[in-house]
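These are my notebook entries on one protein structure. I set down what I looked up, in the order in which I worked.

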Amino acid sequence: MNVFLGTSASSGIGIGKAFVVPKQEKRIIPRRKILENERQIQWENFEKSLANVVVDISQKLDASKNDKIQSQLYETYFLMLNDPEFLKELKNAFYSHSLNIEFVLDRQTEKYAKKLRSSGNEYLAERAQDICDIFGKVLDDLLDFHPFDMDSIPDSCVIVATQINPSDTLILSKRKIAGLALTEGGVSSHVGILARNYGIPAVFALEEITSQIKTGETVVVDGDSGEVISNPDDEALAQFNKKIEEEKINRLLLEKFRNVKAATKDGENFNIFANIGTVEEAQQAVQEGADGIGLFRTEFLFMSESNAGRSNLFDEESQFIAYKKVLETMGKKPVTIRTLDAGGDKFINSSEIQFKEEKNPLMGLRAIRLSLANPLQLKIQFRALYRASVFGNLKIMLPLITNVTQVEQTLEIAKTAREELKTEGIEFKNDVPIGIMVETAAAALTADCLAKVSDFFSIGTNDLTQYTIGVDRENASVAPLYDEFHLAVLRMIENTISEGEKAKIDVSVCGEMASRKSSVLVLAGMGVRNFSMSPKMICPVKELLSRYSVKELQNISSKQLNSL
Ligand code: PEP
Ligand code: MG
C-alpha cells in the first residue's frame, strides 16, 4: 500500500482500477505540392487507410451489438465511410489539385461537415461531428499517427494522468469515472470545476504519480483528505467503503432541500443557480433543484476530445440547437449563457477562429477579447442565441470585460445580429438582458461605470482571484498562494456588490467561491443573494444557509473582512 499526498480538488471517496493516461500529442496535417507521378500511389494509400478503418469499425460494430447507442454510432460511421457522394467529391478534389491527399481529405471533410451543419435539418447538423470523427480516423491511419484515444478509457476507472486538457474533459461526463489523480491542475482549474460538477473525487498536485501507479492497480482517491492510496490493504479498503456508505446516507438526507427555495432560518431568500458546460448537464441542474442556469460555459461546446487537430463545430445551427435544448430543459427558469470564453488555457480547434502563439496566453487574446477580434464569429453566436431566445428565459453574459468600450462594441454586434434576424423574418426576443462577468480588478474597481452599460453582474471569483493575486489558477506549484479570501479579492467583491446595488442591477457569484461552503457563508453575509454553482452543491448549500440567520452571516463576513 502506498499513500501519495496532494491537494484536494473535489470531495468524496472514489475507488477503482487505475488507468494511467499516456502523454498526449496533436495531429499535424502537412500541406505540400505533389508530383504527377505521386498521385496514384497517394490515392492507393488513401484507399488502404479507408479499408483499415472500415475493418476496425466493422469489428467494433460486431462487438457493440448489445449497446444500442454505440452500435448506432458505428453504423453511422460505416455508412459515412462508404458514402459514394463524399468519396466521389474527394477524388475529384484530389485529382484537380496538386496537393497531398491528407490535406485534401481534411479540407473536404470540413467542407462536407459545413454543408451538413447548414442544412437546416437538426439530425443532419448533428452528423457533422461524426463525419469529422470518422475521417479523422482515416487521416490518422494515413499519417501513421496514433493518438491516445480518450474514448478508450474504461468506465469506472480512476484516471491517473499528468494533466487533462480542457478539451479532453468531456470524458468525465461520458464515463462513470471513479476518481481523478493528477500531477497538475489547481483547485479552480477547469478539470477541477468539472470534477466537482460530476461529483468525481479528485486530488491534484501529485508529483510523478504517473510513474508510481500502474494501470490495473486498485486505487483510492480521497478527495476529502487529499490522499491517493494505491493497493490499499483490506482494513483501509473497508474503512473507505464505510465512508462511501455514510456519504450516500448524507446525500439522501439532503434530498429534502431539492425542491424548496433556499432561505436562511429567518426567511431571507436566495436564488441558487447551476453552472453547466454541456447541454446534458441542464438536466442534472433540474434534478438537483436549481432555480435556473447561472453560467453556461459555451466554450465547452467547441472542445472535444475526439477531434484533436480538427476544426470544430462553430456554426450557427449547431449552436442554436444546443442553446435551444438548454432553454427548453429549464422552462421558465432563467438561463444565463456566456459568450465564448476561449483562449488562455481553453483552446478550441476551429478553422474560423485563429489562435496565435502567445507568450502569456492568460493575459492575451482570450474571452471577449478573442470574440471582438473575430466579430463575425461573435455575431454568429449572437444570432444563434437570439434565435434560441424564444424557447425560454435567456440572459447573455460577456466574459473578462475590462472596460466600457468592450461592452459597447459587443452590444453593437448584438444589435447587428438582431437587425439581420429581423430582416430575415426570424423570430427572437428583443429584450434579452446582456450582463457582464466581473472577474478582473479593472472591472471590479470600475463597477460603477460598467453598471451603466450592463444589465447584470456576475462575479467570476476564479479569474478575479487569479488576476488580483497574480497566481495562475491551473498551476499546482503556486496553489498555496491562490487565496479567495485574500482581502484584496474580498474588497473587489464588496465594491462590485455595492455598485450593483446602487445601479439596481442583479449581482451574482458564479465562480467556485459559490460552490464552497466556507465562502458561501462569507458571500451571503456580504449581501450576495444569487449564487451559481456546480449542480451537486445545490442541496448542500441550501441546507447550509438554512442553519443561519442574516445577522449571523453578516458577523461571519465582517470577521473575514476585518482579518488580514
Ligand atoms: C470565473 O472566472 O470565476 C468563472 C466563473 O469563469 P471560468 O471559471 O470559466 O473562467
Ligand atoms: Mg473566468
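Entry 1: I note at the outset that the model is predicted.

**Entry 2: helix 17.** I recorded it as mostly covered, with 7 of its 9 residues buried. The buried residues are T461, N462, D463, L464, T465, Q466 and Y467. I asked what covers the buried residues of helix 17. The cover includes helix 7, strand 11, helix 15, strand 15 (456-459), helix 18 (487-503) and strand 16 (506-509). After the helix comes G470, whose phi is positive, near 75°.

**Entry 3: strand 12.** Is strand 12 (residues 334-338) enclosed or open? I found 5 of its 5 residues buried, so the strand is largely enclosed by the rest of the structure. In a regular strand the side chains alternate between the two faces of the sheet. Here I saw P334, T336 and R338 pointing one way and V335 and I337 the other way, all of them buried. I then traced the pairing of strand 12. With strand 11 (residues 293-297) it pairs in the parallel sense over 3 bridges, and I293 has V335 as its bridge partner. With strand 13 (residues 393-398) the pairing is also parallel, over 5 bridges, and I337 is bridged to I396.

Entry 4: I next looked up an open sheet of 8 strands, whose order is 1-8-7-3-4-5-6-2 with mixed pairing. Its edge strands are strand 1 (2-5) and strand 2 (7-10), each of which pairs on one side only. I noted a twist that averages 25° from one strand to the next. Within this sheet, strand 7 (residues 218-222) and strand 8 (residues 227-230) pair in the antiparallel sense over 4 bridges, and V221 has V228 as its bridge partner. Helix 7 (residues 190-197) packs on the sheet and touches strand 2, strand 5 (179-182) and strand 6 (202-204). Its direction makes about 55° with that of strand 2. Helix 9 (residues 234-254) also packs on the sheet, touching strand 3 (13-20), strand 7 and strand 8. Its direction makes about 120° with that of strand 3.

**Entry 5: a helix pair.** I examined how helix 1 (residues 39-63) packs against helix 3 (residues 84-96): the angle is about 155° and the axes are 11 Å apart. That angle makes helix 1 roughly antiparallel to helix 3. I recorded their crossing as right-handed. The contact is made by R39, Q40, Q42, W43, F46 and L50 of helix 1 and by L87, L90, K91, F94, Y95 and S96 of helix 3.

**Entry 6: E288.** Finally I located E288 in the loop between helix 10 (281-287) and strand 11. Its relative accessibility is 7%, so E288 counts as buried. Leaving aside its neighbours within four places in sequence, I found E288 in contact with R251, R258, P535, K536, I538 and C539.

Definitions and conventions. Residues numbered from 1 in each chain as written. Chains lettered and ligands numbered in written order. Predicted model: local features only at pLDDT ≥ 70, side-chain atom pairs only at ≥ 80, totals over all residues. Heavy atoms only, no water. Buried < 20%, exposed > 50% of the residue type's maximum accessible area, 1.4 Å probe, protein only. Helix = DSSP H or I, 4+ residues; strand = E, 2+ residues; numbered from the N terminus. Pairing = 2+ DSSP bridges. Axes fitted to C-alpha atoms, helices over the stretch in contact; angles between N-to-C directions. Parallel < 35°, antiparallel > 145°, perpendicular 65-115°, else oblique. Left-handed = near helix turned anticlockwise from the far one by under 90°. Contact = heavy atoms within 4.5 Å.
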